[in-house]
Amino acid sequence: MSQYYHVTTQRSTSVTKALTGNFTGPDDLNLIIVKNSCLEVFDVTSEGLKQIRDVPLNANILTASLFRRRDQNVDSLFVLNQLAEIAIIECVRNNESIEFHTITSGSVADHSARMIDQGFDALVDPDATYIMIKLYHGLLKVIPLHSLSDRGSSVDVLEPKVKAHSIRIEEGNIVDMAFLHGYSLPTFALIYEDEVVVFMKTYEIFGREPALRSVPFTVDSIEPNSKLLIPVPAPYGGVILVGDNIICYHTREVPHISQYIPQTKFSQIVCYAQVDAKRYLLGDMAGRLYMVHLLPPDENTIPPTPSSSRDTTQTSARIGSIRIELLGETVIPESIVYLDNGVVFVGSFMGDSQLIRLNPDIDPERNSYITVLEQFTNIGPIVDMVLLESKGQNQLITCSGCYKEGSLRVIRNGIGIQEHATVDQEQIKGVWCFPFESATFDDSLVISMVGQTQLLRLVDDDITALQIEGFKTDEQTVHCDVVSPADFHQRPRSLVLQATTSGLRLIGIQALLGKGCLAEWKPPSDRSVSCLASHVDLVVVASGPNLYALRITGTSETPEFTQISHAILSHEVACVDISPFDKSAAVRAALASASSLPSPSVANSSGDTSNPLPKNSEPEYVAVGLWLGHGIALLKLPSLEVVHTESLPEVIASSGTAVLPRSILIAQLEEAAFLFAAMADGSVYYYTIDCTSGNVFLRDAKRVNAGTGPSMHLSQWRSHNKGHIFVCSNHPCVVYSTRNKLVFSNVNLKEVTWMAPLNGSYYTNCICLVIPSGLVIGSVDNLQKLHVRTIPLGESPRRLALQPETGSLGVITYRREVFQEGVGFKPIRHSVSLSPKLHKSSSPVPKTISSLPTATKFPDVEVSSLLIYNQSNLELQLVHTFHYSQTVLEMGMSIASINLGENGGTVYAVGTALFAKDDIEPKKGRIHLFRYNPEISKLETLLIHDVNGSVFRILDFNGRILAAVTSSVRLFDVCGDSLRLASSYNDNIIVLYLRSKDDYVLIGDLMRSLNLLIYKQNMNNFEAVGRHRYPRYTCGIEILDDEHFLAGDADGNIFVVARDSPENTQEPVIPALRMATPASVTHPESASSTSASAKAGADGDQVSSAPSEMKTLVDCAYMHTGESINTFVRGNLIMQNMEEKWKAVGETHSLYGTAQGYLGLIVHLSPVLFAFLKEVETRVSKLIVPVGGFTHESWRACKEHRKIKMAHNFVDGEVIETFLDLTPDEKARVVNGLRIPVSLEEFGVAGASTFNEHPETRPCKVEDLVKVVEEMAALH
C-alpha cells in the first residue's frame, strides 16, 4: 500500500527577501526575513536581533513589501505568492501576545498571460495609493489601496476580496521598476531590454480605473548593463541607475551625474539598501559592499559610515557629484537592509546571512570597515548530499552554497551544549563540583589529573586556584563527593569525601573548613582502591574482587568509617554504583507500560513527568560490573548479598577482544528504573529494573552504540526539571525518557571523557565537561535540534561520494579562473583546491580534443577538481584537477564509489563533460577511475575512457559501472586498463538521474519523467518494465522498494509511482475512525484526480508499443512541497531503535534537500495509521486560521502544466504536529467524535499488501492523540 507521511526536518534557511520597518508596533523597529514559505520576525534591539515569531505561510512567497497605509502608525506587509495570490497582513502586539491579521487577500492571476520566469516585484508608491505588481509578460497588476478600511478587530475579518486592475504595457522584458518621489500622481520608472539594448521609460498612474500615461524624463542614454533602479526620496528626488561598471544619477531638471564603481571586474551589483536620502549600500555577486554618497555641489567629503541617526538629509536639494566607497567584503547578498546605528543585515541565498556593523574607521589589517556581529546558518542551496551512518549517530553531509560561499555542511540531530567558559588543561581524568564555602551553590571544582589533583574556586565568571587543608593534591583523585555522618544529614553537608587509589579521606568544609583531614580508611587487603560509589553516609568500595560497604558514623567534627559488610566476588570489580531509586514508582511505571495504547520507540518531546527522589532516600542495591566480560550483578544493601546476575558477551564478535565494562549506573527516568552499563568498545547495555514480583531482577536487555571506546563514563543529573544521563565517549550523547521510552540524543561535541553537574551562583543549571583540550562549562539545550558544522571550500561543490573502505569522501568542485595575456589562467580568489602543501595531480589532455571546435577561446573558465577528504575528521588529503585550457574545458559531472570485487578493489569513478566555447551541449565526455590509498595519501589514475556525451550520473551496479551518458544508460565492465561496454539502453531524451536496487535501474529523464529497467543477466541487456506516461521535468529520484519509486519535479511536487494495480492507489477510507463526520473539505478535482490516475494506470497497461511485461508506472501518491528539490537519500538523521519500533511506521525513510536549504522527510505508513492521521489533518487544518488566508488544501495541491490535483496519499506532518501547540479547548474540539484503534496492533503494518478495514476502535482522548502525534514528531 502507498501511504506516506511528509514532514519538515529543517525549514528553508536561504533568505530571499529582507525588510525593515515598524511592523509589530509604532515604536518597534523590526526586521522581517522571508525564507521561501516562512516569515521570521525580529525585534531590533541594542543587544542585537531577537526573534519574536516564526510564521509559516501556506505559500511560496515570490516577493514581499512593507508599507504604511494612510492614517496608520504601523507598517503593513504585502505578500505575493507563486499562485498569484496576494495578502496584506498586519500585526497586533500586546506585551508578549502577538497576533497576525489578514486585512485583505485575493488572487491577481491572469490565465491569459504568461508568467515571467524571474524578477517578480511588488511596489507601493510613496503615498500608499497603489500596489503595482510585476508578474506577467507585458502586463502589470495594479491594486488600489484607498478602499481598505482601518485595522480590523482582534479576530481576522477579511475585507472584501481585493480588486486588481490589469494594465497592458508595451515594454515586455522589464529589468527593474521603481516608484519615484516628488510627483503629484503615482509615477514610476522602468528599465527594459529591446534586442539587447537597454532603455528607460517613465509612466504615471491616473484615473478612477487605473491607466498609464507616459511622463517625459530627460535621459540621453543609460548604461547598457543597467540592472537596478534606486529611487531617491525628497528633498532631492530623481533616480539612480546601477550598471555593472557605472552608476548614474538622473533628475528631471539637471543632466545626469555618473561615477565608475571601483573593483567591479568579474562581478555585478545585485541588490541595494537605502541608508538615508544621500547614502545607499550596494552589494555585488563577489560579496563586496559599497557605499554610494550623493554629494551637494560644494561637499567633497562625507563620513563613510552612517551616524546614529537614520536620516542625515541636509537642506540642500541639489546633487553635485557621486562618491563610491568600497567598505569591505560580506557574504554574497540576496537582500540588504540597513537597520540603525551603522548595523546592516545581509541576507544571502548562497551562504550564511550576516549581521554586520559599519565602523567609522578602517581596519588596516583587513582593509575593511566591516565587523561581523552575528552569522545565521544557511545550508542551502543543497546540490547533493550523502547520509553517513556510523556508530552512535547518523550524519548528513551536503554540498551547500556556491562560488565563494561553497561549503560542505555536516548535519546531525542532537542536543546542543552552549559553552560559557573553558579551561585549557590537557590530561584531565575527572571533575567534581561542590559547595565548599557556599551554603546553596557550587563554588569549587576538583580536577583530577595523572598523578595530581587541582582545586579551583568559582567567583562569578572568574576561575582562580584554591587550597583546602587536608585535601591530597599529590595523587590522582578517583572519586569525590559531599557526605555527612549517619543521623547528621543536615544541609549544607560539612564533609567532603576524597578517594585516591591509596584510600579514602574525609575533609572538613563549610563550617569545618580548615580542620584538615578528619578520618581515613584503607582497604584491609592492602590492595589499591579500584572504584567506589557514595551516597550521603553510605560508601561502597571495590578493591580487586573485594567489595566493602562502609557507613560514615560519629559526628561531623569526629567522623569515622565503619565497615558494615564485606563480600568477595568471583571476579574483580570494574565499576560500581549505588544510586537510589523509588521501587514503588518503578512498579507503577511497569504497570503503566502495559496499557492498551502504549507509546512506542524514540521521541524528542521536552515534556517532563520525572520526579526527584524523596529526601534522604536510602540506596537499597549496589550495581557492579565485572572485568573480562563476566557480566554485571545487583547486590542487596547493606548485606552485599547477590540478588541478580546478568551475563555479557565475553568477547566482541567483530574484533574478538574482551568486553570490559567501564561505567555502570542506576537511573530512574519518568518513574521507570534502568541499569546502564558502558563498555570499552563504545556500546551501552541497558536494562529495565523489574520490581513487580517483589524480587528485583533485570529484563529487556538492549544494546546501543555510543562511540568506539575505550574511554566511557556515565553520569546523571537533572536539567530543565528532567532527569538526564550523559554518556561520555568519542560520540557523546544524552539519554532521557519521554513517554516512558528512552531517547539517545547526540550532542554537538566531538569527544567528552567526563561530565559533572554544576549549579553555581553564576553558572546556574550548567555542566562541566572534560574534553581532550581541557574543561568546558556549558548549559544543555532543552530540545533536540539540527547541529551544522561548516567545512568552507571557497568554491562551488557539485557532487560527493562516500568510500567507507578507505574512510574517505570524494567531492567534485568548481572554481573560477580568468585568462590574462602573458600570465595564463589566474584564480579570482583563493579556494580550497589551491591549498598549498597538499599532494596535487591533474588529468591529461583529452584524446578527442582534435575533434572539438576550437575557433573561439574561453576568457574565463570553471575549473573542476576532485577533492579527497578524510571521512572521520573531514580534513583535506589531496586535490586532483581536471583538464582546462582556452579551447577545451573538462568539468566533473558525477562521482561514485565502485567496489570492483576482490581483484579490482574499491575505486572512485568520476564522469566528466568536455566543453568547447560555443557548445550548447557537450559532445564528448570521459570516465575516470581513481584508486585512493589512505596510508600514503595518494590518488592513482587507473584508466580514462572516452564517451560521446556528458556523464550526468555514475553508479556502482553490482560491481560494475553504470553511467548516464546524455540520452543513454550504459553498463561497463572493467577490463584491465580499459572499459568494455556490456549493455546500453537508449530510449531517453536526457538521463539526469539514476538509482539502482539489485537488478533494477530507475531513470529520471529531463522530460519523460521516470522509466524502470531490469537487467537480465542471461541476455546481458536492459529491458523496460515500467514507464511513467506523464511528462514531468524530473529533479530527483529514489527507489523506496521494489514496487514504489519516489521523485520530485521542477514545479515543487513530490510524487510516488508504483507498479501496483490501480485500485491499490486509492486512499484508504476507514469509517470506524470517526463517530461523527466533521464538515469535510471538498474540492471538485479531488475525487476526479484519483479516478483519473487510476484510469491512466489502467490504460497504460494496454499500450501496444510496450513489451508484454511493460507496465505503466501509476501515480499513487503526490503532494506539493513548494521547494526546488535537488537530491534524495535513503535514511534518517534520527537513530531508530528497531526493537521498539512501531510497525505502523515503515522502516524505510527518505530525506531530500532543496535549493532553499530545506530538508524534508518521507516515511511509509500503514493504511490505518494514514487514515487516522488524515482525519486529524482535516480537523486541525479546519481549526487553524491561516495567515494571509492561503488555504492548506490549495498549498499542498500539486501544480503541473496549469493543472491542479489535490494532495493524495500524503499526510502533511506540519499540520499534524501543530496539534501539540493548540490550546486545551482546541485539542478537545479536534478529538470530538474521533475514534482511535484500541491497540498498536490495530494500526496495522506499513508496507503490508492488505489491511483490516474494520479495526477495533474506541473514543479518542486528547492524551491518546498527543501520544500518537509525539511519536510522529519523534521521527525527525
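Which side chains meet in a salt bridge with Asp1264? The side chain of Arg1258 does, with N to O at 2.7 Å, and the points below set this pair beside other features of what is a predicted model.

1. Overall make-up. The protein chain has eight helices and 90 strands, and of its 1276 residues 60% are buried. Where contacts join residues at least 6 apart in sequence, 58% of them connect residues at least 24 apart.

2. The opening pair. Arg1258 and Asp1264, whose side chains meet in the salt bridge named above, are both buried. A search of the whole structure finds 47 salt bridges, and the next two points turn to others among them.

3. A salt bridge between distant parts of the chain. Arg829 forms a salt bridge with Glu329, and the closest N and O atoms are 3.3 Å apart. Arg829 belongs to the loop between β62 (824–827) and β63 (839–842), while Glu329 belongs to strand β25 (residues 321–329), so that the pair links places 500 residues apart. Arg829 counts as partly exposed, because its relative accessibility of 28% falls between the limits of 20% and 50%; Glu329, at 40% relative accessibility, is likewise counted as partly exposed.

4. Glu405 forms a salt bridge with Lys404, with 2.7 Å between the closest N and O atoms. Glu405 has a relative accessible area of 14% and is therefore buried, and Lys404 is buried as well, with a relative accessible area of 18%. Glu329, Lys404, Glu405 and Arg829 are linked in a network of salt bridges, which brings together the residues of this point and the previous one.

5. The largest nonpolar core. In soluble globular proteins, nonpolar side chains tend to be buried together. Here the largest nonpolar core holds 56 residues, of which Leu866, Leu1010, Val1056, Ile1162 and Phe1210 touch the most other members. Strand β80 (residues 1053–1058) gives the most to this core, contributing five residues. There is also a second, separate core of 48 residues, which includes Trp1142, Ala1144, Val1231 and Leu1240.

6. The surroundings of Leu1010. Once its neighbours within four places in sequence are left aside, Leu1010 is in contact with a set of residues that includes Leu1002, Ile1003, Arg1027, Ile1037, Ala1047, Phe1055, Val1057 and Leu1113.

7. Apart from neighbours within four places in sequence, the residues in contact with Arg1032 include Asp1005, Met1007, Ser1009, Asp1049, Glu1200 and Lys1205. Elsewhere, the charged end of Arg213 sits over the ring of Phe206, 4.0 Å from its centre.

8. Aromatic pairs. The structure holds 26 aromatic pairs. One of them is formed by Phe674 and Phe676 and is tilted, with 6.1 Å from centre to centre and 45° between the planes. Phe674 is buried, with a relative accessible area of 7%, and Phe676 counts as buried at 1% relative accessibility. Phe674 and Phe676 belong, with Tyr686 and Phe744, to one aromatic cluster.

9. Asn1252. Asn1252 is found in the loop between β89 (1235–1237) and β90 (1257–1259), and it is partly exposed, with a relative accessible area of 38%. Leaving aside its neighbours within four places in sequence, Asn1252 is in contact with Val1168 and Glu1242. Glu1242 is 10 residues from Asn1252 along the chain, and the C-alpha atoms of the two are separated by 7.9 Å. The side chain of Asn1252 also reaches the backbone nitrogen of His1254, at 3.0 Å.

Conventions. Residues are numbered from 1 along each chain as its sequence is written. This is a predicted model: local features need pLDDT of at least 70, side-chain atom pairs count only at pLDDT 80 or more; totals for chains, interfaces and linings use all residues. Side-chain values use heavy atoms; hydrogens and water are left out. Helices (H or I, at least four residues) and strands (E, at least two) are DSSP runs, numbered from the N terminus. Buried means under 20% relative accessible area, exposed over 50%, partly exposed in between (1.4 Å probe, protein chains only). Contact means heavy atoms within 4.5 Å. A polar contact is a pair of N or O atoms within 3.5 Å; within protein, one must be able to donate a hydrogen and the other to accept it, and residues adjacent in sequence count only if both atoms are side-chain atoms. Rings of Phe, Tyr and Trp (its six-membered ring) pair if their centres lie within 6.5 Å; planes under 30 degrees apart count as stacked, over 60 as edge-to-face and the rest as tilted. A charge sits over a ring if NZ of Lys or CZ of Arg is within 6 Å of the ring centre and within 35 degrees of the ring normal. A nonpolar core is a set of buried Ala, Val, Leu, Ile, Met, Phe, Trp, Tyr and Cys residues joined through side-chain atoms within 4.5 Å. A salt bridge is a side-chain nitrogen of Lys or Arg within 4 Å of a carboxyl oxygen of Asp or Glu.
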